[in-house]
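Hi everyone, thanks for coming. I'd like to walk you through one model today, going from a single residue out to the whole chain. Here it is on the screen.

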Amino acid sequence: MVTKERRFSSNVNDPVADLLTRIRNANLAYKDDLAVPVSKVNEAVLGILDAEGYIDGFEREGEGVHQALRVRLKYDKKRQRTISGIKRISTPGRRVYAGRHELPRVLGGLGVAIVSTSQGVMTDKDASRKGIGGEVLAYVW
């Protein structure tokens, strides 16, 4: 059997929204893994999701222009989802910024806000500890 290499379009206006939508759709369909386009922001967001325990990990695959990130989704023993919700906040048409004193809390601290700061992409808790604000990319709970 010849395995066909899957290619996908990475020509999107909002790569973070594309990443979050791919994760949301694969999670709702109980997929074990999915492929997303490679970008520095996507890797940073996936690194946060991995560190917070929402996904089981990710790695690069392919070479050259045809690189992709293979994301392994995480479920518990009863096949319950670890990501119950994921939402894009700041869009290209409506940027949402939060100062260091206005950083959002997701579900009273049970969820995570992903914030793009001058020191990189981090969670709301990390940004608050460092005393910096930035663009609120997404909420995950």
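Let's start with Asp14, which is in contact with Arg88, Thr91 and Pro92 once its neighbours within four places in sequence are set aside. Contact here means heavy atoms within 4.5 Å. Asp14 is found in the segment before helix H1. Is Asp14 buried or exposed? With a relative accessible area of 15%, Asp14 is buried. The cut-offs are under 20% relative accessible area for buried, over 50% for exposed, and partly exposed in between, using a 1.4 Å probe and protein chains only.

Before going further, a word on where this comes from. It is a predicted model, where local features need pLDDT of at least 70 and side-chain atom pairs count only at pLDDT 80 or more, while totals for chains, interfaces and linings use all residues. Residues are numbered from 1 along each chain as its sequence is written, and side-chain values use heavy atoms, with hydrogens and water left out.

Now the overall layout. The chain has three helices and eight strands, and from the N terminus on they run α-β-α-β-β-β-β-β-β-α-β. Helices (H or I, at least four residues) and strands (E, at least two) are DSSP runs, numbered from the N terminus.

Next, have a look at the sheet with three strands. The sheet is open, its order is E1-E3-E2, and the pairing is antiparallel. Two strands pair if DSSP finds at least two bridges between them. Which strands sit at the edges? They are E1 (33-37) and E2 (55-61), each pairing on one side only. On average, neighbouring strands in this sheet are turned by 25 degrees against each other, direction ignored.

Helix H1 (residues 15-28) lies across E1 and E3 and runs at about 165 degrees to E1. Helix H2 (residues 40-51) lies across E1, E2 and E3, at about 150 degrees to E2. For these angles, axes are lines fitted to C-alpha atoms, for helices over the stretch in contact, and angles run from 0 to 180 degrees between N-to-C directions.

That brings us to the interior. In soluble globular proteins, nonpolar side chains tend to be buried together. In this model the largest nonpolar core has 24 residues, and those with the most contacts inside it are Ile23, Leu46, Leu49, Leu73 and Ile114. A nonpolar core is a set of buried Ala, Val, Leu, Ile, Met, Phe, Trp, Tyr and Cys residues joined through side-chain atoms within 4.5 Å. Two or more residues of this core come from each of H1, E1, H2, E3, strand E6 (112-117) and strand E8 (134-140). Which element gives the most? H1 does, with five residues. What does Ile23 touch, not counting residues up to four places away in sequence? Its partners are Leu34, Leu46, Leu49, Leu73, Ile83 and Ile86. Apart from this core lies another, of nine residues, including Ala98, Leu103, Met122 and Val136.

On to the charged pairs. The structure holds nine salt bridges, each a side-chain nitrogen of Lys or Arg within 4 Å of a carboxyl oxygen of Asp or Glu. In one of them, Asp32 and Arg79 have their closest N and O atoms 3.0 Å apart. Asp32 lies in the loop between H1 and E1 and Arg79 in the loop between E3 and strand E4 (86-88), so this pair ties together parts 47 residues apart in sequence. Glu43 and Arg60 also form a salt bridge, with their closest N and O atoms 2.6 Å apart. Glu43 is in helix H2 and Arg60 in strand E2, 17 residues apart. There is a network too, linking Asp33, Glu61 and Arg70.

Last, the chain as a whole. Buried residues make up 37% of its 141 residues. Among contacts with a separation of 6 or more, 60% are between residues 24 or more positions apart. Along its principal axes, the C-alpha trace spans about 55 × 40 × 25 Å. That's my tour, so over to you for questions.
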